[in-house]
Every structure is written in C-alpha cells, then in structure tokens.
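Open the model in your viewer and keep the selection tool ready. We will go stop by stop.

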Amino acid sequence: MEVSFHEEIKALRMGAGEVFHGEGILAITKGLLQSGVSYVGGYQGAPVSHLLDVMVQAKPYMDELGVHVEACSNEASAAAMLGASIHYPIRGAVTWKSIVGTNVAADALSNLSSPGVTGGVLIVVGEDYGEGASVIQERTHAYALKSGMCLLDPRPELGQMVNMVEHGFRLSEASNMPVMMELRIRACHVRGQFVAKDNQAPKLSKKHLIDEPAGFNYMRLAHPPVTFAQEKRKVEHRLPAARQYITEQRLNEHFEGSTHRHLGLIVQGGLYNTLMRALQQFDLADAFGVSSLSVLVLNVTYPLVPDELVNFCKDKSAVLLLEEGQPEYIEQELALMLRRLDLQTPLHGKDMLPSGGEYTAEVMAQGLLKFLDRHQADAVPEATRQWLATNGQRRQQVQTLLGSPLPARPPSMCIGCPERPVFSALKLAQQDVGPVHISGDIGCHALATFEPFSVGHSILGYGMSLASRAGVSPVMKRRVLSVMGDGGFWHNGLLTGVQSALFNGDDAVLLIFKNGYTSATGTQDIINTPTDIAKELAGDKRQSMVHTNQTIESTLKGLGVQWLRTVHTYEVSHMQATLTEAFTTEFQGLKVIVAEGECQLERQRRIKPWLASLLSKGKRVERVKYGVDEDVCNGDHACIRLSGCPTLTLKDNPDPLKVDPVATVIDGCVGCGLCGENAHAATLCPSFYRAEVVQNPKLHERLWARWQSLATRWLQPA
C-alpha cells in the first residue's frame, strides 16, 4: 500500500474555469494533461516523486484519456522512452531526480538530442540543490549545454509553472530540441492556485493507434556519420528556432522597476520568490512582487536570447546576475555578449555572491547589500544593515544561552525499521571477524553512516555498491561487504554488480535489504513487493512476510549464485551468525545474504487503520510494547549504542544513590523487539521486558487482571 493520492487524482479531472488549489508538482502534472501528453514515464525521487506516483494511481483516468503511464526501472529506461517522439508527432514527458538521475539517463539523452525530436518532449527534473539537498551539488544546466537541450526554470507561481509546461512542448516542437524543466524543492512544494483548462486527449495514443510505422530514415539515428550533420543542425537551425520562439512568446519576464529602474537584476526563474523576499528586507519590494529595481526573470535559462539580455542591460547603470551554483554558465555567456558589443554596463555576479551553495534570502540580501553599496548606497535602510550585521551575533547568543553548540540532528531510520537490526548484527559480527570494508549504497540503509553505526566507506551510485568494491576486495585481507537495497538491486545493481561479480569470479559478500519497496523515495511498489494476499497471511505476528516473494532469490539463482541465504532481519543472532559465516567460509565466489523485513512505514500504514476500525467497533485489540526495568538497568547504555532506536533513550535514575541515567522506552515504540533481540545476541543486561497491552479486554481478562493486582498488593511489603 503506497501513500494514497485520492484527492490529488480528483484535482487532475478539473476542467476549464475551475480553480486548482495545491502544490507546484501537482500543478505540473495537471499541465501535462492539459498539453495533450501521450505517454509519461520516470523514476521516483524527491522532490518530483508525486508526479509519477499520482499518475500511476490515476491509471483508470489515464486510460480514459489514452495516456500511457510507465513506472520505469531507472532513469535511463525513462529517457529511452522519449525515442517515441523522434519519428512520431506525439508528446512525451518523463521525470526523475537530478543530478544523479540525469547522470544515469545521460547516454539516452545524448542519443535523443543528436537527431532531435518531432513530437514535443518535456523532461521534468527535481533539482535537489542547496544546503538541504540529498545529492551531489552539480547542475542540470551542464547537460543542457553539452547536449543541446532547452532548459526551463519557471518562476515558482502555479499559473506560470503550468504555462511553461504547455510552452515547453511547443518550444520542443518548434526547435526539434528536447526540453528540460528544472524544479527546485521550493517550486515543487510551493502552494497556490491557477485557473484550469480542459485536459486534452492526445491525437495519437492507446485509444488512437498509429496505422503504420514511420519509414526508415538513417538521418534520425544517432549514428556516425550522420551525427556530424546533426551537430551542425543544433547550431544552425535548432538554437535560432528556439530563441525565436522564446522571444515571440515572451517566455522570459521583464518587470520594470519603479524608484531605481536604472539598476537591473537578472535572476533564474526558480529563485524569483527568494529574491522578492530579500528585496523586501530592503523595502525595495512589496508583498505583491512590485520591485523598485528592474528585474529580468529567466524562465528559460538555456538557450539565452542575446538581444533580450543586451536590451535589458544597455540602459542600466549596473546589473547584478543571481545564478545559483557553479560554474557560472549564464554569467560567462552574458559577460561575453556585453564584451562583444562593447557595452560598458557593470556586470556583477559571483564577485558579490557565493560561488556555491543555496541562495537563501539572507545570502541574496548580503549580495544585494554589496551591489547597492557600490551603486546606490542610499537605497539601503539602516535597519537592514543592522539585521545582516547582527545575524551572526544572534546565533552566537542562542548558543551561549544553551550553554553549548546546537546538537547535530542527522536523519535516522524510522522507528522499527527492519534495516536497523542488520547493522546491529554487523557490529556484533565484526567483534568476531574484525573490521571489514563496507561499500555503501543509496537508500534508507545509507542512514547507517550516522551514529551509532557509522559504517560505509563509499557511496558511488544507486545499486553500485557491489561494483564499487571491485577494486578494493582483491587487495583486502578480509572480505569486503557490499550493502544494497532491493530498489537499488533492480535499478542498477543486478547488472553492474551481480552480473559483473559472477562473470569475473569475484570473492565478494553482498547484503540485499529486501523490504519490498523503494522506501527512501516514497515506498513505491517494485517487482518484489509482496502481494496483498501475502500481507494478509502474514498478519501482525512478525514484521515481515518471510518467503512470500522470491523474485530476487529466483533471479540470483538463475544467474548462478551458489551461496545464498535469506534471513529475517529482526533475528539478530541468526543474522550475526550468517554474516560471520559469509566472511569466514571457505567458499570462493559471490555470497549473497537477503535480509528480509517489510518496510515499517508500509506496515504501519496497513495495520493502524485496521486497529482503529477494531477499536471503533469495541473489539479486543492487543499490541506489543517493550520497556526497561529501571531497577535492573545498570546505566551502561550499550543497548542504545547497539541499536540507535529513537524510542530507546535516557531518563533520570530513580535511585537517589545512583548518578548514571537509565535507559527507557518512550511512547512511539512499535514493538519490533529489536531491543530484546540485541540484549540477547550481545549478552547485555536482562533489563528489557515485553508487555502485551490489551484494549477492550474481555470479561475474564478484566477479572484476571484485577485478581493479579490484588495478589501483587498483598505480596508487597507494607
């Protein structure tokens, strides 16, 4: 059961004149349907996961329109879908998280961009960039430059974003170039409204089939020698056509300033809202976006239109370009334009703003202060100078009041996560065999790089952990461990890791977390997701459907894996023994441990409504809760260092003669049993207890509980 998008799907059905309210990424999804898209594919990833998730769950409505929706195995397969638009006048859209997703799709994108497209192509990428990003700090802009693709960066206002989706397809068709649209996290989750249009059923679709295939045309292949001619067409035909469309349709926006119109600001569209907030700190803009300085908003950041930029700059006394990230592609191109025309307008950018990092309102304000101090010092209120100057002081004051620096708050695995016990077992196994090199991977298990586990020597790509140990394991005394999720296994690990290791006869150890979903990206279903029947049969007895879906095991056996073990993740002792065996066995070759345990988020989504319905009917409900006997706890806290469960924490020792705090299990415990399993496996103190909490007990249970209470009071000393 994935997250339900029932309400969002209803919003997709809105017709002309209705007012859409919601998030930016859902508005983009509505814009695709209003544009007559024929097919949609992609691979999930923040902040654009909702686009594909909503469409997958809206399959009945997509079938009504004739739109084909495909959840792809990775970004490369999604990009390859766009080949349908090379020959045929059908519009296609794909989505993924960038920059990592664009890296995976790079081969297909190059081979798509060279021959160009006939039908409109729109690639929606989540530009997870900045201080809170979860990926490498690189820019999609580089791919647009190298491959000859238009790049949209729409101003984060729902009406404008939807407008750019529709123009994106038209721009693609006018220039024969694929079009990329980058959306930052703030753009994806900005809330607002726009007036909807009717959805357009595609002219060619599952409901209106193509009669005959296109004739063979060697010029439409990305294959030498025709690629030489295609590269010329990029420069001689496609770029001019794109610039003409951008100019005619006024895709970039020019807001004339009021008081200080002689000063110009050029900003990437996605940064516009933040810029307005920064200008408000100087009293140079109001809440409605009316600015005292002239602003050119680049909703299209590639290709740039020279005449548009030059006309904006030529009557300005100075211009500040706000371009997030590096290298400063736009600034370099603009500076070259001005130099060639011998325009002397002072141009500022990275000389006043940071080269890297996210451009927050405070960062922009600091750059604006430098710009205004140079060219219009009287426009800066004294209050703004004081605000910027004292920001650091205020942070220091908070730290002083706390008595220590603010504690770090790294992300952590969910309460009851089935992956946490595996890393507990790994710590115990290394006590016996010694430290091992661990190749990490992308996924929930990457959170084990934080305390208390602190494991993982490298993360080199989704599903790449087994491949990334290939250069290490031959020169390592002990066997190397590679950690991979089932999502990573299907995304890339099967071919780049398992197949390669088997082909080369590598002596490697692979640990696959089989939780049944691509959990880190929103618990989307994958090929080894347990069936609904399997979930019902598993009931509430354990945290996972053991041996309910053997797709991974069958695939591994089919490839020739001879050493294969499937272990329930919560059985810490069994997992410890299996890991130890893998590290020490005389068997030479690939050894695979499948750690099976259902994603706890999915389990809770399934059982919480069920338990709530039982309680509402007055039926008996029993749940398991673990606790710590504070009289037995010795304050060692090894249990916390071994598991890292958020519900296992500390409280003051009730014994006035003892100083060390004792462990305690707070509310939120889901009864996974890891604390007890760890205590047993590591031979820790026997302070953990297991309790069954019964709601709506039956009559005999209430009588028995009352008798026990009376007996306990009688036995206790006076």
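Leaving aside neighbours within four places in sequence, which residues is Leu 33 in contact with? Select Leu 33, then Leu 12, Met 55, Tyr 61, Met 62, Leu 65, Val 67, Asn 199 and Gln 200: these are its contacts beyond four places in sequence. Contact means heavy atoms within 4.5 Å.

Some ground rules. This is a predicted model, where local features need pLDDT of at least 70 and side-chain atom pairs count only at pLDDT 80 or more, while totals for chains, interfaces and linings use all residues. Residues are numbered from 1 along each chain as its sequence is written, and side-chain values use heavy atoms, leaving out hydrogens and water.

**Stop 1: the cores**

Stay on Leu 33. It is among the residues with the most contacts inside the largest nonpolar core, which has 79 residues. A nonpolar core is a set of buried Ala, Val, Leu, Ile, Met, Phe, Trp, Tyr and Cys residues joined through side-chain atoms within 4.5 Å. Buried means under 20% relative accessible area, exposed means over 50%, and partly exposed lies in between (1.4 Å probe, protein chains only). Helices (H or I, at least four residues) and strands (E, at least two) are DSSP runs, numbered from the N terminus.

**Stop 2: strand 5**

Select residues 121–127. Val 121, Ile 123, Val 125 and Glu 127 point one way. Leu 122, Val 124 and Gly 126 point the other way. Next, show strand 4 (residues 92–98), which runs parallel to strand 5 and is joined to it by 7 bridges. Look for Ala 93 opposite Leu 122.

**Stop 3**

Move on to a sheet of 5 strands, in the order 15-16-17-21-20, with parallel pairing. Two strands pair if DSSP finds at least two bridges between them. Strand 15 (438–439) and strand 20 (563–568) are the edges, each pairing on one side only. Inside the sheet, strand 17 (residues 509–514) and strand 21 (residues 591–596) pair over 6 bridges.

**Stop 4: salt bridges**

The structure holds 30 salt bridges. Each is a side-chain nitrogen of Lys or Arg within 4 Å of a carboxyl oxygen of Asp or Glu. Start with Lys 10 and Glu 7, whose closest N and O atoms are 3.1 Å apart. Both lie in helix 1 (residues 6–12), 3 residues apart, about one turn of the helix.

Then select Glu 362 and Arg 395, with closest N and O atoms 2.7 Å apart. This pair links distant parts of the chain: Glu 362 is in helix 15 (residues 361–375) and Arg 395 in helix 16 (residues 382–402).

**Last stop: Phe 216**

Find Phe 216 in the loop between strand 8 (191–195) and helix 11 (226–248). Phe 216 counts as exposed because its relative accessible area is 72%.
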